[in-house]
Amino acid sequence: MDLLCPPGGGMKQNYLSIDDIMMSSEKIPSTFLVSVKTLGYLDPSTNKKDIEVGSKLDLPLWLALSLAHPRKKFVTVELTKPYKATYREILKADAGVVNLYKLCPYYYALGQQQLSLNHAEGILVARSLILAFSDRFRRIMDLSGNAIGGDNSSLIQQFDEVERRLFALGQKSLQSFQRWEVGESRTLRTSELVSRHRKRKREAVD
Amino acid sequence: MDDTLDISGVSEEGEEQITSEQVFQQLEEIWVNERLSPNLMLCRTDITECILEQMQEMEENIARAKKTDLKVSLHQLELDRIRYVLSSYLRCRLEKIEKHAAYLIKKESSDGPSVSRLSPEEFMFAKELTSGVTSHLTASALKHMPKNLQTLNLEDSGKVPNLDHYVFLRVNKAEEGIIVDCETDVQNEDKIDLEVDAQHIMRYKLIENLVENQTVSLI
Amino acid sequence: MLITDPVKDFFQKIIEERVLVMVAQDVDGLCACKILQSLFKCDHVQYTLVPVEDKQDLVTEFDSHKEQYKHMVLLNCGGSIDLLEILEPDDDVMIYVIDSRRPIDLVNFYCERQVYLILKQNQEEAQLIPDYDHIYRNYDSDNEDSDTEYEQSSKRHKFDQETLEKKREKRIWEEKRKEIIFDYEEYSYYGTSAALILYELAWKMSKDDITMLWWAIIGVTSQYQNKKIGREKYISSVLELQGHLSRLNHREEDNENTTSIDSIKINFEHDLDIALYRHWSLFESLCHSLNTGTTFKVWTNLGMKRLHQFLAEMGIPLTQCKQSFAFMETKTRDNLQTLVQESAEKFGLRNIKFHSFTAQCGFNHKLCASDVVFSVDSILTNTESSKPESYEDNSNFVDALEGLSRITSPKLEEGLQLAKVQLRAIKNNVGSFIDIGQVLSYGPFLYTNIKEGSPDCTLFAQPLFLVTFSHFLLHSYMRSLGKSKRDRARNLPLVICSPSPQEGSTMVVGIPPLSEESRKNLFGNAFHHASERTKSRTQHHFFNPAIITVVNEDRSKFIDALITIMS
Amino acid sequence: MFGEKALDLIREVHRTREGSLGPYNEDGVRQVLEEMQVLYEANQQDVAQLVQNDSDQTSLTAVQIRHDSLQRNKRCLLAYLYNRLQKIRALRWEFGSVLPTDVRGNMSPKEIEWFTKYNRALANYMRSLGNGGLDLTQDLHPPQNVHIEVRCVEDKGELELDDGSKILLKKNSLHYLPRSQCEHLIRQGVLKHVT
């Protein structure tokens with residue numbers, strides 16, 4: 001269940017979470033409202049010594065969140081592309097066919113994070129996220145509960161990280177149900193970690 | 001095998017005799033709850049110690065008996081089953097302790113000695129674990145960082161159980177007036193009554209103490 | 001020594017011990033092993049099970065486990081070799097032997113401890129063993145005893161009549177002993193199936209069930225199918241099995257509620273004696289069976305024509321015959337046995353049907369005992385090269401045991417496919433051997449040689465496969481001869497040489513002539529003599545004494561000596 | 001951007017999360033620490049200037065950015081180390097107290113030290129249960145039978161059983177043993193449960 005604790009659920013919960021760190025490194029288009037001394041080299045598009053007022057720069061979420069904080073207002077941020085109206089329309093039309101992972105591996109989490117940045121469109125983004133998730137959720141659970149053995153890799157590729165975990169969870173419970181059905185659940189098995197380790201070792205030898 | 005065992009301090013009346021079957025039932029009850037609750041539950045050394053004693057007694061009996069006796073293998077299987085449930089229960093606790101060690105240690109001292117979630121041995125384990133993690137993080141990274149960044153606060157940065165986790169539960173004893181949603185504004189506090197055998201889905205936080213006093217069971 | 005009460009003197013003795021089971025890699029041995037494993041499970045007897053390939057292997061396995069186990073069970077191996085001599089067991093090691101190989105080693109039989117033989121009860125088998133007195137009455141010690149007593153006082157009387165008489169007697173006795181032993185050891189052959197003996201043990205303890213009976217059936221069937229026992233012996237075992245079957249079926253009826261879905265049902269049937277037909281097409285099965293394939297001479301054009309005529313006679317369209325059995329019309333399938341038998345009579349096909357058993361689990365998976373034998377045999381002779389890449393690194397032994405474990409085992413199905421591959425290889429090779437006249441008459445026996453680098457040489461390097469091939473070849477050769485020659489050739493055994501997996505040496509296999517109904521094989525002895533006479537470098541490490549390996553340079557002088565001995 | 005090297009470490013952990021433990025990236029850790037040092041020194045300078053002339057908004061923003069970057073780097077480093085410990089912990093439960101040499105080879109000396117400590121803490125805890133202790137790394141599945149049949153997948157030499165007797169684990173041999181004696185070896189892939 002821990003897996004489903006969404007990345008972005010707050011620093012305290014997720015300080016050491018790999019997913020949350022990955023998610024918070026996504027780039028947010030930002031515009032500087034102040035100039036910044038000596039850090040011009042962070043902007044690859046210029047050779048200037050300082051960052052000047054009005055410079056546009058893609059900042060990682062962790063930095064953007066801090067600099068755009070209402071008390072500081074060093075930058076203003078823009079909604080990232082996959083959450084803008086065009087994409088919201090596509091998702092609304094048929095969320096099931098969209099390759100969410102390609103839009104952002106942490107699509108839902110990044111969307112939630114941007115809500116706190118007070119975009120005018122915030123409420124629309126929130127609505128779109130909920131719709132997309134509930135639309136896709138049923139399909140994912142249906143798939144994970146049925147598709148055993150077949151090649152799912154092309155499907156899974158379209159899932160964002162949270163969806164992938166849901167899918168894996170569904171598959172795992174289906175597998176153990178099937179093992180139980182054929183009476184195989186009584187068989188003691190080599191631990192998965194160990195067999196993966198062995199397999200890699202064999203491959204290394206070959 | 002002796003069917004009755006002394007368990008002291010189970011009820012306020014003083015000593016009470018309960019059968020080994022009942023102890024095992026209690027173990028199964030706390031085992032299921034422990035596996036389903038997001039937070040570490042109160043420690044029940046009263047039950048686990050009793051079970052451990054019982055297991056030892058069974059082992060001795062088996063060792064004494066003739067090997068070909070059919071009863072032996074039945075007893076052995078029974079023993080294996082008890083050991084499995086106990087191990088699984090303790091393992092489940094250990095996993096939670098590892099995940100939330102710093103939080104639990106802190107809570108242990110803030111809650112005071114009246115309620116203890118950790119047994120003395122578990123507390124010791126949690127201590128050793130946090131000190132191990134702290135010293136590893138310190139030695140490998142923190143002490144090489146600039147002075148003002150060397151602080152580490154595991155209980156703040158570390159993992160805290162998610163008490164908002166939703167759980168399925170079944171009611172054992174009727175209870176009235178449970179506040180269902182304390183986060184909606186005071187104007188509209190939802191209250192419900194729990195009826196015996198009814199099943200609900202609720203946030204763990206709201207019913208934690210009801211699980212502990214066996215008013216409800218997690219399912 | 002012979003155990004007369006195996007429940008008390010064998011099973012009760014080991015029930016509280018940790019037991020090492022060593023099993024020879026043949027189907028009967030494996031079936032015996034499955035039964036024993038079930039019995040052990042009932043009583044929680046802890047055991048270790050290791051396969052043994054040959055005599056050397058037996059010694060190696062014995063040595064590596066002798067520290068840990070004091071009780072050993074040998075299945076289908078060891079009975080005909082002097083175990084005390086080759087294993088040199090410590091005094092506290094007990095060895096129990098259940099072996100279908102004959103003749104039983106006399107030391108094993110007459111020793112007073114450590115080696116215990118379990119034979120079929122109340123049978124003449126034990127009576128074939130020479131009397132103790134004929135083998136062990138020790139004249140030397142008799143004489144020595146009297147010598148010491150009388151040595152000083154009556155030395156001069158030594159040459160009296162009595163002593164001379166005694167000496168003469170002793171000489172006669174010794175000659176007679178030699179003769180008896182020679183007669184006793186002349187032929188190697190097979191006695192009662194080890195699986196059947198263990199089934200009997202289970203039955204005596206009222207621990208038998210339908211699955212154990214199925215294993216016993218497979219054990220017996222394998223003996224017959226692999227030409228280890230003759231028809232007569234087979235029939236008598238089958239009758240016994242049938243008796244057990246009806247008893248168990250009655251018991252089932254009595255408590256009908258207990259029949260679960262996974263339980264198997266066994267039927268006694270008068271079934272077609274053709275290979276794998278339920279899992280193949282009728283056409284392929286007829287082509288590749290020893291019985292029909294050789295009678296029709298399917299390696300000739302004429303033979304193929306006759307086979308087609310045969311099928312036409314039955315009135316089944318050829319397309320159906322070439323379809324897999326499962327897809328034949330139900331009506332044809334149901335009438336197949338009668339149809340085949342009727343046409344068989346017209347085409348001079350004898351023994352097209354035989355008494356056998358089928359097993360069924362649920363509504364699927366009808367298997368006949370002979371299918372299982374084919375499958376497990378081919379798993380045992382499976383060669384590395386034919387295994388798919390992803391295959392688990394199992395030994396054939398493990399796979400074969402798994403194949404026997406349930407009739408629904410996927411391994412069994414794999415084995416059936418392997419068996420078809422092997423039968424095809426046999427058919428193709430037999431055809432070309434006959435066509436180019438590879439089978440030669442060497443006087444006292446027929447001879448053929450498989451050349452190095454022939455297409456199926458990995459298969460031919462497997463002794464089990466080589467023996468099966470020899471039988472096919474001998475039958476086919478006989479059919480290819482004219483009537484007069486054929487009658488003479490029926491009395492000739494066949495010797496076949498094939499490159500051994502050991503570099504620079506040849507495997508030599510001898511099989512008895514077709515006329516030898518009891519399947520007695522004299523090559524074990526003959527190979528020994530030929531080797532001794534010529535001082536050939538031979539190895540006799542197979543459990544089957546009629547298979548040996550000889551160093552390539554010594555091969556021709558060895559074969560020459562074999563001709564001389566047997567003429 | 002600052003924090004890129006630290007992110008590389010995190011990506012490493014992310015990539016290998018399904019598998020075993022990747023090699024400890026000592027170089028990567030050192031580079032992050034160096035970046036932190038540089039950021040820290042730059043901030044020290046700016047702060048010193050700010051004290052002298054207190055209304056320089058431009059350097060205040062720079063200080064903020066560097067400060068955030070320092071915190072970010074710290075977080076990444078700790079997460080990198082912590083998540084590796086989690087992985088090592090999981091391996092302890094799968095492989096037992098002796099890890100395969102190639103796994104050990106991927107651990108830093110300090111991680112090995114931590115592993116030893118963890119092992120000791122776990123052993124102490126398990127020993128405290130009952131009189132003879134209770135091995136919690138066993139009994140991972142509900143028992144069906146007292147004895148089970150197992151096949152040996154690799155030559156493993158002698159195994160000493162609880163009753164003191166020894167058996168030889170040879171490849172492809174089959175054994176019928178008390179389940180409790182085999183569970184570890186099955187998890188480690190030495191034995192296979194035959195059903």
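The model is predicted: local features need pLDDT of at least 70, side-chain atom pairs count only at pLDDT 80 or more, and totals for chains, interfaces and linings use all residues. Residues are numbered from 1 along each chain as its sequence is written, while chains are lettered from A and ligands numbered from 1 in the order in which they are written.

**Stop 1: chain B**

Select chain B and colour it by secondary structure. Chain B has seven helices and seven strands; helices (H or I, at least four residues) and strands (E, at least two) are DSSP runs, numbered from the N terminus. Along the sequence the pattern is β-β-α-α-α-α-α-α-β-β-β-β-α-β.

Of the 219 residues of chain B, 27% count as buried. A residue is buried if 20 or more other C-beta atoms lie within 10 Å of its own, exposed if 12 or fewer, and partly exposed in between, with C-beta atoms placed from the backbone.

Next, look at contacts, where two residues are in contact if their C-beta atoms, placed from the backbone, lie within 7 Å. Among contacts in chain B between residues at least 6 apart in sequence, 65% join residues at least 24 apart.

Now colour the domains of chain B separately: domain 1 (1-99), domain 2 (101-160) and domain 3 (162-219). Domain bounds come from an automatic or database domain assignment. Where domain 1 of chain B meets domain 2 of chain B, the contact takes eight residues from domain 1 and twelve residues from domain 2. On the domain 1 side, helix α3 (residues 70-99) of chain B gives the largest share, four residues. That side of domain 1 has four nonpolar, one polar and three charged residues. Here Ala, Val, Leu, Ile, Met, Phe, Trp, Tyr, Cys and Pro count as nonpolar, Asp, Glu, Lys and Arg as charged, and the others, Gly among them, as polar.

**Stop 2: chain C**

Select helix α1 (residues 6-14) of chain C. Its buried residues are C:Pro6, C:Phe10 and C:Phe11. They lie on the same side of α1(C), because they cover an arc of only 75 degrees around the axis; the arc is that of the directions from the helix axis to the C-beta atoms. An α-helix has 3.6 residues a turn, so residues three or four places apart point the same way.

Then show C:Val21, C:Ile35, C:Leu75, C:Leu198 and C:Ala216. Of the 169 residues in the largest nonpolar core, these touch the most other members. A nonpolar core is a set of buried Ala, Val, Leu, Ile, Met, Phe, Trp, Tyr and Cys residues joined through C-beta atoms within 7 Å. Helix α10 (residues 210-225) of chain C gives the most to this core, with nine residues.

What is C:Leu75 in contact with, leaving aside its neighbours within four places in sequence? Its partners include C:Val21, C:Val23, C:Ile98 and C:Ala194.

**Stop 3: chain D and its contact with chain A**

Select chains A and D together. The contact takes 38 residues from chain D and 34 residues from chain A. On the chain D side, α3(D) gives the most, with 19 residues. By class, this side has 15 nonpolar, 16 polar and seven charged residues.

Select residues 61-129 of chain D, which an unreviewed UniProt entry annotates as "domain: GINS subunit". UniProt positions are given in the numbering used here, feature names are shortened, and annotations may be inferred rather than shown by experiment. The span is 86% helix and 0% strand, and its end C-alpha atoms lie 57 Å apart.

**Stop 4: one residue in chain A**

Finish at A:Gln171, in helix α9 (residues 161-181) of chain A. A:Gln171 counts as partly exposed because it has 18 C-beta neighbours inside 10 Å. A:Gln171 and A:Leu143 are 28 residues apart in sequence and 8.7 Å apart in space, C-alpha to C-alpha.
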